[in-house]
Amino acid sequence: MFFPAIVVIFATQAIVASGFEERQYGDLRDWYLDNIHIANSNYNYSELKVFRPGMDKPIRQCDERYGKLFKEVEFLRNLMSKCTGCVGRLLNPAPNADGCYAGVCYKDVTCTCPVGYDGDGFSCSKRNACDKTPCFAGVRCNQKGDFPYYECGSCPAGYEGNGTVCNQLDVCAKKPCYRGVDCQWIKDSPYYKCGPCPSGYEGDGRNCSKVDFCAKQPCFPNVNCSWKDSAPYFKCGSCPAGYEGDGIRCGRNPCLQNPCFKGVSCQKKAVDPYFSCGPCPPGLAGNGIVCGKDSDSDGYPDEGLNCKEPTCTRDNCKVQPNSGQEDTNRNGIGDACEDDIDSDGVRNDVDNCPKKFNPRQKDSDGDGVGDECDNCARVRNINQMDTDRDGMGDICDDDIDGDGKRNSADNCPKAYNPKQEDTDRDGVGDLCDNCPKKYNPNQRDSDGDEVGDVCSSKSDSDGDGRQDDRDNCPRVANPGQLDTDEDGVGDACDPDKDNDGVLNQVDNCELIWNPNQADRDRDGLGDVCDTDFDGDGAEDWRDNCPRNGQIRRSDFSNFSRVALDPEGTSQLDPEWEVLNNGAEIFQKHNSDPGLAIGNDKVEGLDFEGTFFVKSGAGDDDFVGFVFGYVSNRKFYFASWKRQAQTYWKSHPFKATATAGVLLKLVNSQTGPGTMLRNSLWNDATKQGQTKLLWQDRAKKGWQFNTAYRWKLLHRPEVGLIRFRLFRGQVLEADSGNLFDFTIKGGWMGVYCFSQALITWSNLKYSCNDEIPRDIYSQLSPETRRKVKPSNNNWLS
């Protein structure tokens with residue numbers, strides 16, 4: 001069907017109409033006001049009659065409802081803008097060849113079809129507006145007769161809009177999901193999807209409820225369990241009375257009820273009574289629960305106490321330390337207080353066998369040791385060394401170490417090595433070779449660090465006294481070289497110390513192989529280490545190093561002698577006697593400087609003991625102890641002089657000492673000899689030999705027949721050293737907190753110089769990296785961040 005075109009005809013010449021100004025044809029006012037004669041107001045009417053200006057005007061045919069004319073405005077505007085006027089009945093004049101009236105339109109204006117129609121301007125057909133898919137995808141399009149000539153149906157399900165433009169229904173705006181759960185639009189009903197419930201909740205995302213974690217009974221028995229908003233989504237209450245922990249794991253701890261004597265540390269146990277108390281304060285003795293006066297500080301009270309432990313029994317010698325309570329003749333009086341221990345009629349101080357009945361005092365070899373107690377009666381041996389402890393002195397034993405190899409054929413005659421391994425074939429067995437992989441039959445060790453000169457190196461990256469190529473943790477200080485699983489990697493840098501496949505930080509028994517991690521009592525400690533953490537056979541409450549399987553009690557039995565002036569002849573070397581299973585040492589002679597060094601090597605250290613100098617030998621020189629021993633050139637020591645004195649040998653320099661106690665660092669460039677000897681005597685620092693760390697300002701000397709108890713704390717990790725000295729319960733000296741980072745740990749021992757008849761009694765040491773609570777409070781914030789405080793006090 002064709003739509004009759006409307007022809008708009010403008011004259012090209014100017015005319016003057018009556019009552020009108022001259023204007024060019026094409027003026028909209030002329031055209032609209034004077035030249036348009038609409039026969040019917042319906043613009044869809046099949047014919048519209050249009051006349052040229054100047055012609056007789058027919059009677060204007062207007063609709064009675066003239067207002068409807070304005071409906072045509074949009075059509076007329078389009079008509080004018082397009083200058084359409086073709087295809088339709090032209091009344092006058094006839095159209096030219098292109099179907100448009102010549103000269104009617106402006107230049108370059110062509111005939112076009114009306115809006116909503118397609119064609120060349122002569123022939124127009126109604127356009128199918130739906131062909132251009134004006135509607136939203138999936139929405140039905142219907143043609144219309146009026147603008148815009150199409151109509152869209154309703155938006156698809158899940159969308160909203162007019163059909164042309166459709167948007168997803170914002171169902172999530174109504175927050176249909178549980179608080180905090182993600183909402184996502186989907187195309188199917190209900191047009192949204194909720195994410196998973198928050199951690200700790202369960203449900204479909206719309207409805208979420210708390211997971212009942214408490215149903216699994218995660219808390220220690222009889223401990224209340226409640227829900228909480230954050231992981232692990234449950235909270236346990238406090239442990240039962242007498243227990244400690246986080247409520248999940250609780251361990252019995254009666255220490256919370258303060259059962260020990262005031263100032264005594266408390267440690268929990270796994271067996272009844274589930275706690276043990278530390279030693280009584282200085283000047284007191286007992287079981288730690290009950291403490292009484294201990295005049296000689298040997299660990300036994302002057303009078304018996306109401307408790308069952310051995311340390312509650314009455315001291316059998318109240319005036320002189322004897323921590324072993326030896327009583328050879330069993331008369332109830334300790335040997336230390338007896339004038340004639342063996343009751344043979346010969347006083348102890350002249351008896352050549354004071355502990356064995358020998359009234360005749362026979363001494364065949366003339367070594368000062370009677371035949372009755374001489375372990376080599378026919379060969380002179382004052383020191384009575386017996387390496388294999390078989391009762392036969394080394395000097396006359398053809399197999400000193402008892403390994404089945406005669407001394408003459410043994411490549412380590414003083415070290416048990418039946419296999420006789422010798423890697424470098426230098427004739428010295430690997431076990432005692434100071435350089436087992438390099439040929440060095442002379443075993444020269446100039447600096448006394450147990451490393452032969454041929455393989456000695458100054459390379460010590462971590463400063464622990466072990467050169468890098470002999471250090472099992474060359475980048476982490478570990479002077480003790482502890483290697484629990486013996487894999488060649490020290491515990492200090494081994495991520496799995498027991499090699500059970502469970503890393504240390506999550507291993508409930510990091511020193512004992514337990515891959516199943518069984519923990520029946522849920523106290524955080526695996527069953528295999530519940531009472532003995534390091535598996536050395538000593539329960540933790542008895543073990544002085546519960547995290548070191550190589551040390552279980554204080555013991556100086558296997559000590560090493562160190563002569564610090566081996567070339568000197570004016571005095572004897574010290575003669576050491578070990579008593580009380582390694583917990584007491586006696587030194588007899590007025591001697592050159594010397595050390596008795598124990599076999600245990602530790603890092604963090606607590607060390608205490610009792611000094612006692614018996615009258616009778618006179619003299620007024622040095623008594624002390626050693627810690628952090630690395631070699632005979634490098635160690636810390638405490639030294640106490642009775643009276644001020646200048647050393648009688650002024651070569652190589654004049655050495656002067658005042659009375660009083662002091663702490664020094666030995667870091668000698670020369671090692672044992674006259675230079676080190678005089679430096680030890682001298683109070684002041686000696687360049688290249690010693691460094692004075694602290695000296696008591698009171699400069700009070702020790703007294704004969706008086707027991708003094710010392711306590712020492714050393715934490716190499718932060719360089720902390722603290723020393724205190726007591727006479728009974730009275731504090732005699734306190735160094736305060738000292739800091740020195742030279743030595744990271746080492747062996748311990750005792751020291752003397754030119755003083756006889758010294759007893760070091762009730763010797764105790766323990767491994768400890770924690771800082772006592774009261775000392776921790778004195779440290780700087782920076783230092784505190786590097787260490788862990790303990791629950792015990794040290795100063796009270």
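Phe-622 and Trp-681 are both buried, a term that denotes under 20% relative accessible area, with exposed over 50% and partly exposed in between (1.4 Å probe, protein chains only). The model is a predicted one, in which local features need pLDDT of at least 70 and side-chain atom pairs count only at pLDDT 80 or more, while totals for chains, interfaces and linings use all residues. Residues are numbered from 1 along each chain as its sequence is written, and side-chain values use heavy atoms, with hydrogens and water left out.

The whole structure contains 34 aromatic pairs, where rings of Phe, Tyr and Trp (its six-membered ring) pair if their centres lie within 6.5 Å; planes under 30 degrees apart count as stacked, over 60 as edge-to-face and the rest as tilted. Helices (H or I, at least four residues) and strands (E, at least two) are DSSP runs, numbered from the N terminus.

Trp-640 and Tyr-708 are also paired edge-to-face, at 4.6 Å centre to centre with 75° between the planes. Here strand β25 (residues 634-641) supplies Trp-640 and strand β30 (residues 708-715) supplies Tyr-708, 68 residues apart. Both Trp-640 and Tyr-708 are buried. Ring pairs join these two residues into a cluster with others, including Phe-556, Trp-694 and Tyr-765.
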